[in-house]
Structure formats: C-alpha cells, structure tokens
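Visitor: Could you walk me through this model and tell me what stands behind each term you use?
Guide: Gladly; let us look at it together.

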Amino acid sequence: MSENSLLDHALVRLDEAARHLNIDADVIEKLKYARETTKARLMIRMDDGSRKSFLAWRCRYDDTRGPTKGGIRFHPESTADEVETLAFWMTFKCAVMNLPYGGGKGAVQVDPRALSKTELERLSRAYIQAFARIIGPDRDIPAPDVYTNSMIMGWMADEYGQIVGETVPAVITGKPIALGGSLGRGDATARGGYYLVRNLASELGLGERMRVAVQGFGNAGQYIAQLLAADGHTIVAVSDSSGAVAAKDGLDLDALMAAKAKGKSVRETAGQGGHVALSADELVGVDCDLLVPAALENMIHKGNAETIKARVVLELANGPVTSEADALLEARGVVVLPDILANAGGVTVSYFEWVQNRQGFYWPLEEIHERLRTIMEREGRGIWDVSQSKKISMRTAAYVHALSRLAEAIEAHGTQNFFAS
Ligand code: NAD
C-alpha cells in the first residue's frame with residue numbers, strides 16, 4: 001500500500017477505534033486489507049463504430065458478516081485505492097447498522113456524461129460480463145453510487161440474468177421498481193440522515209428552525225434539502241461541481257431543482273429569488289447551523305475546516321472530511337455525524353430491497369420508512385451513548401460500535417479460518 005493512500009487515511013479510524021476496545025490483534029490485522037480486488041478492462045463499441053476501453057474494479061473488502069455490499073461508481077478519477085477505501089467504509093457501515101452484510105465497492109474510470117445512452121448501456125453490461133463470477137445474491141451485491149442510477153442497475157440486473165439464465169433480482173439493489181426495486185430507495189440516504197438529525201436534535205443543540213448548507217446538489221443533496229425544508233428549516237446555501245448559491249432567507253428549492261433537471265448548475269439560478277453566487281469552496285464557510293457534505297471525498301480539509309461556522313456536520317457523502325480536518329473540528333466542538341452512520345439509510349433500504357426480492361413480497365412505502373426510522377434511531381442513539389460514555393467523537397464511537405460487531409463475527413468464525421498457523 002502506498003504511503004498516504006486514501007485507505008491509509010481510512011485505517012487511522014480503525015486504529016483509533018481499536019484503542020477503545022479489548023480486541024485480538026488478529027482481528028485488526030484482518031480488517032487492514034481488502035480480501036480481494038479484481039481489475040478489468042471494459043472494451044465497448046462507441047456509437048461512431050470505434051472501440052474504447054475503460055478500467056474497472058470490484059472489491060470485496062470483508063465478508064465476515066455476510067455477502068459483500070456496495071455501490072458502483074462511474075467517475076473519471078476513480079482508482080483502485082478509492083474503491084478499496086469505499087469498500088472498507090461499507091464494511092463498517094453495514095456493521096454500524098447491524099445489516100447481515102460485509103463491505104464491497106466497484107467503479108469504472110469513466111466520465112459517463114461524455115457517453116450516449118446506448119454507450120452507457122453497453123458499458124454497464126460490459127461491467128457485469130467482467131464481474132459476473134464475483135457478484136451474486138449470496139456473494140456480492142452492487143448498488144448505485146456517484147453517477148450511476150436505477151436505470152443502470154436495471155441494465156446490470158438484466159445482463160446478470162442473461163448470463164446465469166434466470167431472473168435474479170436480489171443480485172443488485174437500487175433497481176427500477178418495475179424490475180423489483182424497493183419503494184423508498186430514491187431518497188433513502190437523505191431520509192436516513194434526516195431521521196438521525198431529527199432524533200438527536202436536542203442533544204446536538206439544534207433548534208426547530210435550523211439554517212442548513214448543502215454541499216453537492218445531486219441525489220442525496222437534493223433530497224436532504226427537501227426533507228429539511230418540509231420541516232420548516234431554511235436552506236441557506238447549496239453547491240455543485242460548478243459553483244454555489246446562497247440566500248440568507250432561504251433558497252428557492254423549486255428553482256434549484258428545475259435548473260438541475262435541465263442539466264444546469266445551481267449557480268445559474270443566481271439573481272433569481274435573492275440567490276447570490278459563491279464559489280463551490282465558499283459554501284463550507286457559510287453561516288449556518290447544519291452543514292451537509294453530499295458531494296465527494298476530502299472536500300472538507302485542513303485548508304477550509306477552520307472556516308466552518310456550523311455546529312453540526314451531517315456526512316451524507318462518503319469520507320468528505322479528512323482526518324486532519326476531523327481533528328480541527330473536534331477541537332472546536334463541531335459535532336460530525338459520521339458517514340458510516342449518517343448516510344447508511346441508502347444501504348439499509350438496499351437491504352430491504354434484497355429481502356423483498358428474496359421473499360417475492362413487497363412492502364408499502366410507510367413500512368419502509370418506519371423500518372428505516374427505527375434502525376437509524378436505534379443505531380444513532382447507541383452510538384451517541386458510546387460517544388458520551390467513552391467521551392469520544394461520534395466518528396470514533398461509530399467505529400467502536402461497528403468494530404465490536406465485526407470482532408464478534410470474526411472470532412465466531414474462528415480465527416484459524418483466516419490465518420494460516
Ligand atoms: P450524485 O452524483 O447524484 O451527486 C453528487 C453531487 O456532487 C453533484 O451535484 C455534483 O455536481 C456535486 N459535486 C461534485 N464535485 C463537487 C464540488 N467540488 N463541490 C460541490 N459539489 C460537487 O451523487 P449522490 O448519489 O448524491 O452521492 C453523493 C455522495 O453521497 C457520494 O459521496 C456518495 O458516495 C454518497 N452516498 C450516496 C448514496 C446514495 O444512495 N445516493 C448512498 C451513500 C452515500
């Protein structure tokens with residue numbers, strides 16, 4: 001592993017958590033490395049008749065607690081290191097929520113916005129052709145992530161079914177409803193974060209009228225803004241990859257959603273309804289109570305962490321706060337609700353989808369929401385209690401909570417299962 005890789009940064013959290021538990025060194029050693037990471041080159045025919053190839057990976061980080069679970073990202077800067085780190089986080093996220101899964105992740109190094117719909121479909125099918133031997137409903141279950149969506153999951157589930165010669169809806173989650181997708185998957189990540197904040201609001205010192213800034217106005221960002229606004233909170237700033245807009249008295253969410261639906265940046269709403277343009281990085285320092293990073297990794301770093309005015313950070317993105325920034329925020333008393341808890345609503349409803357696919361019996365939306373709320377509140381409060389009793393951050397407490405479950409499972413398997421004596 002190279003020095004200062006993303007995974008190195010992530011493993012700092014594992015060591016920190018291990019200090020608060022009496023855990024066998026073998027358990028920690030096992031969790032420091034991905035079980036398997038497979039790399040493939042996907043070759044597809046472009047619409048103009050030429051051929052192009054794209055690097056792709058699928059990582060099964062740890063399957064101690066069940067089949068590996070994690071999304072597939074299409075991004076031009078994806079790397080094997082990023083995929084393994086995201087899979088490590090999935091391992092802990094599933095354990096935080098007590099889902100019967102290990103952690104996995106996949107990616108294709110591609111800018112999907114540069115592909116036509118037919119090229120995107122061919123690429124999605126090529127991914128499944130390359131990794132069909134690795135995935136499976138009892139082995140490794142993909143889902144959507146950055147720049148992938150239910151349409152892509154539908155193509156992938158279809159391709160898998162064609163390869164194995166039968167319909168296997170439980171192989172992939174985040175599918176269209178018509179192919180066995182679950183109700184409530186679309187807003188699940190944001191909704192989970194929303195239930196968490198709502199349940200811990202008084203402990204966190206958050207009032208009934210919060211001012212909220214959202215970094216990244218994509219799937220997770222748009223839904224959290226809508227859910228909080230519907231409860232009477234004020235969305236004072238949002239950003240996307242091209243810039244940000246702010247309005248002290250609240251942004252016009254309908255105008256923002258309309259701009260995004262037309263493929264425009266939120267920045268293009270500047271001038272409407274009191275919207276003022278900011279740079280994407282200025283959003284972090286906007287005056288607010290709750291800051292919601294919902295874009296990509298490492299967006300809050302030692303260079304901008306000191307500018308944060310929010311008292312609480314809700315990490316809907318994976319790994320948005322670097323470990324250096326984390327320490328700066330903790331020293332200033334800013335509470336960070338960590339990704340492996342805060343954005344676990346997505347994988348939790350993915351789990352519900354997998355359960356429904358296996359039962360062939362589908363639940364109404366109210367049941368999905370109620371089950372998600374119950375799990376978020378139970379695990380969120382459990383982690384809050386660990387953080388209070390051990391006087392540690394919510395992030396360390398979440399890792400402690402998950403690590404104790406992982407350790408129990410690793411030991412239950414028998415350590416000779418993993419290490420040659
Ligand atoms: P998305 O592609 O729908 O949205 C990402 C948004 O981030 C886009 O609006 C993009 O313009 C914006 N962005 C990119 N670079 C930016 C920058 N420099 N500054 C500000 N904004 C920027 O993706 P998503 O599904 O909403 O995922 C967002 C994050 O949430 C990712 O970290 C993802 O891993 C995590 N997450 C998503 C889910 C889910 O169910 N969608 C589940 C768990 C975690």
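Visitor: What makes a residue one of those that surround the ligand?
Guide: The test is a heavy atom within 4 Å of the molecule. Here 22 residues surround the ligand, and the closest are Thr189, Asn219, Ala220, Ala295 and Asn318. The model is predicted, with local features needing pLDDT of at least 70 and side-chain atom pairs counting only at pLDDT 80 or more, while totals for chains, interfaces and linings use all residues. Residues are numbered from 1 along each chain as its sequence is written, and side-chain values use heavy atoms, leaving out hydrogens and water.

Visitor: Why is Glu315 called buried?
Guide: Buried means under 20% relative accessible area, exposed over 50%, and partly exposed in between (1.4 Å probe, protein chains only). Glu315 has 0%, so it is buried. Its side chain reaches the backbone nitrogen of Asp339 at 2.7 Å and has a polar contact of 2.9 Å with the side chain of Arg395.

Visitor: And why does Thr322 get that label, too?
Guide: Its relative accessible area is 12%, so Thr322 is buried. Thr322 sits in the loop between β11 (312-314) and α9 (323-331), and Glu315 is placed in the loop between β11 and α9 as well. Helices (H or I, at least four residues) and strands (E, at least two) are DSSP runs, numbered from the N terminus.

Visitor: What makes a set of residues a nonpolar core?
Guide: Its members are buried Ala, Val, Leu, Ile, Met, Phe, Trp, Tyr and Cys residues, joined through side-chain atoms within 4.5 Å. The largest one has 92 residues, and Phe88, Ile224 and Leu403 are among those with the most contacts inside it. Domain 1 (35-179) and domain 2 (188-342) both give residues to this core, so it lies between them; the bounds come from an automatic or database domain assignment.

Technical notes:
Polar contact = N/O pair within 3.5 Å; in protein donor to acceptor, adjacent residues only side chain to side chain.
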